[in-house]
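Hi there,

Here is the structure I promised to pass on to you. Have a look at it first, and then read my notes below.

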Amino acid sequence: MERIEHRACCGGWQDVYRHRSQVLGCDMTFAVYLPPQAQKGAKLPVLYWLSGLTCSEQNFITKAGAQRYAAEHGVIVVAPDTSPRGEDVADAEGYDLGKGAGFYVNATQQPWAAHYRMYDYIVTELPALIEANFPASDARAISGHSMGGHGALVIALKNPGRYRSVSAFSPIVAPSQVPWGQKAFAAYLGNDQAAWAHYDATALVAGAQEKLALLVDQGDADEFLANQLKPELLQLACEAAGHPLELRMQPGYDHSYYFIASFIGEHIAHHARALR
């Protein structure tokens, strides 16, 4: 690993690292916030944050204001990039496929399958790297925004016992039923919609082996609410499966980081309670 950014923040350190990912077959960057408690030698719990379309690790660490709350609660926050990068990595025109739009799946179709394995990277490779090189315990939580909210929900639902808590801002809850997800899944996974269901939160709750409560915040002024996000589909699926869901519709809020910054403190407190 190579540390490429190192900044004092809220009594701790906001760092960014570059490393070679064996899973993705390319160099990747990730951000890690080490709160002041990390300097005392104890191993701390980790919150993994998954960002949305067009984002890298930078959006969250510069816009969300999460460091203040992570320092308050003694939580390490890890924010990876959203997709593989590099000249030999496949890409596409538009913002919703290719680089910046990994959708946290393991692609099976060419030309994507060679590098687009963000699911394995987030679930396996990155936590192993974090827990081996930082004062991090194996107490994990996961959260994210939009495409990253989709990733957080899916990863938590598919990995019982691996995460203590999960939350999401404006998640794509039913990617199989909305244009963003349909475009990405057709490209990455092919046209068999049975394969899509393995990465669709509304499909996964029915068979979830662990009833991990889902916390979802959604702005009611979000420009993508009606066509791409459809939180009511997750609500219906959770009701049918008896899966705990706290869906909070927030009046006046849109899809931006102003929304995330307004409620990130509550989400980190939620995760900190579970991680203790």
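In helix 9, which spans residues 231–241, the buried residues are Pro 231, Leu 234, Ala 237 and Cys 238. They lie on the same side of the helix because they cover an arc of only 120 degrees around its axis. Please keep in mind that this is a predicted model.

On the face of helix 9 turned away from the buried side, you will find the exposed residues Leu 236, Glu 239 and Ala 240. The buried residues are covered by several elements, including helix 4 (147–158), strand 8 (214–219) and strand 9 (245–250). After helix 9 comes Gly 242, with a positive phi near 65 degrees.

Pro 231 is worth a click. Its relative accessibility is 6%, so Pro 231 counts as buried. Beyond its neighbours within four places in sequence, Pro 231 is in contact with Val 173, Gln 218, Leu 225, Leu 247 and Met 249.

Now to the charged pairs. The structure holds ten salt bridges. One of them joins Arg 248 and Asp 217, with the closest N and O atoms 2.7 Å apart. This pair links distant parts of the chain, as Arg 248 is in strand 9 and Asp 217 in strand 8, 31 residues apart. Both Arg 248 and Asp 217 are buried, and together with Glu 266 they are linked in a network of salt bridges.

Another salt bridge connects Arg 140 with Glu 131, at 2.8 Å between the closest N and O atoms. Here Arg 140 is buried, with a relative accessible area of 10%, whereas Glu 131 is partly exposed at 22% relative accessibility.

Enjoy exploring!

Best wishes

Note on methods:
Residues are numbered from 1 along each chain as its sequence is written. This is a predicted model: local features need pLDDT of at least 70, side-chain atom pairs count only at pLDDT 80 or more; totals for chains, interfaces and linings use all residues. Side-chain values use heavy atoms; hydrogens and water are left out. Buried means under 20% relative accessible area, exposed over 50%, partly exposed in between (1.4 Å probe, protein chains only). Helices (H or I, at least four residues) and strands (E, at least two) are DSSP runs, numbered from the N terminus. The arc is that of the directions from the helix axis to the C-beta atoms. Contact means heavy atoms within 4.5 Å. A salt bridge is a side-chain nitrogen of Lys or Arg within 4 Å of a carboxyl oxygen of Asp or Glu.
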